[in-house]
Amino acid sequence: MAQWCQLQMLDCKYLEQVDQLYDDSFPMDIRQYLSRWIESIDWDTVAMQDSLATIRFHDLLAQLDDQHSRFALENNFLQQHNFRKIKRNLQDRFQEEPHAMAMIISRNLKEEQKILACAKEAEEGEGTVSAMVVEKQKLDNKVKDLKDKVQFLDQMLKNLEDLQDEYDFKMKNRENEANSLSPKELQQEKFQMARMCMDLKQKRQDVVTFLTELLNLTHSLIQELVSEELPEWKQRQQIACIGGPPNACVDQLQNWFTAVAEALQQVRQQLKKMLELEQKFTYENDPISQKKAHLENRALELLKNLLSNSLVVERQPCMPTHPQRPLVLKTGVQFTVKLRFLVKLHEFNYQLKVKAVFDKDVTEKKGFRKFNILGTNTKVMNMEESNGSLAAEFRHLQLKEQKLAGNRTNEGPLIVTEELHSLSFESELHPNQSGLYIKLEATALPLVVISNVCQLPSGWASILWYNMLTTEPKNLKFFLSPPAAKWSQLSEVLSWQFSSVTKRGLNQEQLNMLADKLLGAKAQRNPDGLIPWTKFCKLSANEKAFPFWLWIEGILDLIKRHLLSLWNDGCIMGFISKEREKGLLSNKCPGTFLLRFSESSKEGAITFTWIEHDVHDKPVYHSVEPYTKKELTAVSLPDIIRTYKVMAVENIPENPLRFLYPDIPKDKAFGKYYPKPSETQEPMDVESTEKSGYMKTELISVSEVHPSRLQDNMMPMSPDDYKALERYVSPRDIDAVLDLHGLVPQEQDMSCSFETSNFLL
């Protein structure tokens, strides 16, 4: 099995390690689409030879061009754009140093092998190898065994035919030779013919017995594919749709289905050969005559069973504008969906015409919205050039709500974002083969249809809840009585929402805070603790806050727009309670700070909290007013941290932020995000700002506080400053001054504003 396919079968924690290997220098898209070609090259050798590296670099560019052409044939505009950009970036980075690219690929392949080895060792340490990999290997062996047995049956039939021809020839020439033979020779001839006849009958019985056993094996294999492997693949697809690990290769499933179908087609041809042999020679109690009808019908039924389950939705319905939010469709916006026929036989090419049908089995319900499908809703399945699979992709479908007479109001029991709909696909298969006529159907996972993009977060919450808690493909009444989710289930799905759009999921510390928020501290983060649907995404009438999911969605949007690099680098602690925050900072140096998300902002906001110590070494905590998308659009968070000032009357504004938790110097943690200094002006630059008289401006974040809120009307002293002061003033005198002012340590929240700082150039 290809290395890339093996990786995609690993648990989420290992897939996250794979994700860390790929960035803009060598995107994962290349690894995904060119996996076979990449794994066929010895990149260690390439990296050592400049001339060979240049050749392979241009080969890679040619491979990208080929893949781009395939996207063009599929009208996949988004991937065309991505691959053009990828190619330009590769040329910019590696045109002059192609061996550097080879080194990156070589390193990544080795790291992938280490991850696979680590996963295997971890499983073996628990006493078992990965169950999925083992089961797939077993199934591979069963399919191979089936193919070998079919070939062996071919040889048995050939031997039977040869023996029958020989027997037939001798029987025809027996009368002519009878007059020239002595009685003894004639007796020997009769004995030989009787023995040959017995061998012939035995071989016929052996063929029929072997074929019966072969069909039994095929039946068992089809049951395993249809009842186990296919449902498991569909369940993995559900998980992948809601941000989980990528679904295991559908190509492997296709290979199994195709191999079994080819074997059955060959068996049907072998049955025809047996009938030909029967027509030439038969006898009383001939096993072929007795079993032929049963064997033919059984082979046909097995093939029908396999083919009728071979039409699948390879890629679930999704709007190209929101690729990470499948199954939520907006009226009037085009969406795409892709089907695949798992039996890849050339005789089926252009034989399957698929039609899309919306809400096929939905009965009339009061308040339930109805929709029409606009666009080309029929497609003919054909072999794809990229991988040879038999597929059809609908790219230009839209939904339009049916207008009802009068003033239509949604009087149904469900709100729009809880109303589930179905999209099914129908086809018929009737190639030029006797007795083979099959109705095919595949159904997409339940959909949510919205009319306004502001409904997208709530619609996505419904998709998450459904696919997390059920594997039923057509349970459209799910939200009439939605079940509660266990925290162990929901915590994993919440982490996927972050890892699917960034390079980091949620760690245990962050999940603990969310568990306390949803379950309450008394639940002690019980994995079996239940969270009702209303707690996750809805509010009771007397609640004034906002739903938990909309808070998470606001933070996700904030990260994607303004904090992606900081989040990926682990600079943001994010989800942490104020109590836990104090515990982490309490024994840290003055000026140590951490970044966390605000719990009071529906749209998503981030704040930082830092610690000071008074002369008694008692901690004092300060939190700045959270920054929203509006502020972060004007100034990036690293710039805010770099220029942040606390200002009080008679004090010089100073930046209190020194170390990112636990002890990383601020400039080391955020320095790479600071704006680069402007280039030195050329001597002949007549537009020099020195002559223009203008002053350079910079937005800085300032917290203004009254002196009484500070410990001593001055910014907190560092340990070095305090030691220097002790040389001249005794600790007792310092304590007396503090007691005189009646100052006590306390947590302080500071409002913040942006001010313009001017620098004369």
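Predicted model: local features only at pLDDT ≥ 70, side-chain atom pairs only at ≥ 80, totals over all residues.
Local features were considered at pLDDT of at least 70 and side-chain atom pairs only at pLDDT 80 or more, whereas totals for chains, interfaces and linings use all residues. Residues are numbered from 1 along each chain as its sequence is written, and side-chain values use heavy atoms, with hydrogens and water left out.

Most residues other than glycine have a negative phi, and most peptide bonds are trans. The peptide bond from Y661 to P662 is cis, with omega near 5°. P662 is placed in the loop between β19 (659–660) and β20 (664–665); helices (H or I, at least four residues) and strands (E, at least two) are DSSP runs, numbered from the N terminus. A positive phi of about 65° is found at N285, which is not a glycine. N285 belongs to the loop between α11 (250–280) and α12 (287–308). L327, also not a glycine, has a positive phi of about 75° and is located in the loop between β1 (311–318) and β2 (328–330). Relative accessible area was classed as buried (under 20%), exposed (over 50%) or partly exposed (in between), with a 1.4 Å probe and protein chains only. On this scale N285 is exposed, at 56%, while L327 is buried, at 0%.

Side chains of opposite charge can pair when their charged atoms come close. With a salt bridge defined as a side-chain nitrogen of Lys or Arg within 4 Å of a carboxyl oxygen of Asp or Glu, the count comes to 33 salt bridges. One of these joins E224 and K142, with an N to O distance of 2.9 Å. This pair links distant parts of the chain, E224 in helix α10 (residues 183–241) and K142 in helix α9 (residues 131–178), 82 residues apart. E224 is buried, with a relative accessibility of 10%, and K142 is partly exposed, with a relative accessible area of 36%.

Helix α9 also holds D148 and K144, which are 4 residues apart and thus separated by about one helical turn. Their side chains meet in a salt bridge at 3.2 Å, N to O. D148 is partly exposed, at 40% relative accessibility, and K144 is exposed, at 52%.

In the salt bridge between E441 and K360, the closest N and O atoms are 3.1 Å apart. Because E441 lies in strand β11 (residues 438–443) and K360 in the loop between β4 (353–358) and β5 (371–374), the pair ties together parts that are 81 residues apart in sequence. E441 is partly exposed, with 32% relative accessibility, and K360 is partly exposed as well, with 34%. A network of salt bridges links D251, E314, K338, R340 and E384.

Nonpolar cores were defined as sets of buried Ala, Val, Leu, Ile, Met, Phe, Trp, Tyr and Cys residues joined through side-chain atoms within 4.5 Å. The largest such core has 160 residues, of which F341, F536, W549, F608 and F670 touch the most other members. The largest share of this core, 17 residues, comes from α10. Apart from its neighbours within four places in sequence, F670 is in contact (heavy atoms within 4.5 Å) with L566, C571, F593, L595, P638, I641 and L660. A second, separate core consists of 35 residues, among them I41, A47, A100 and M101.
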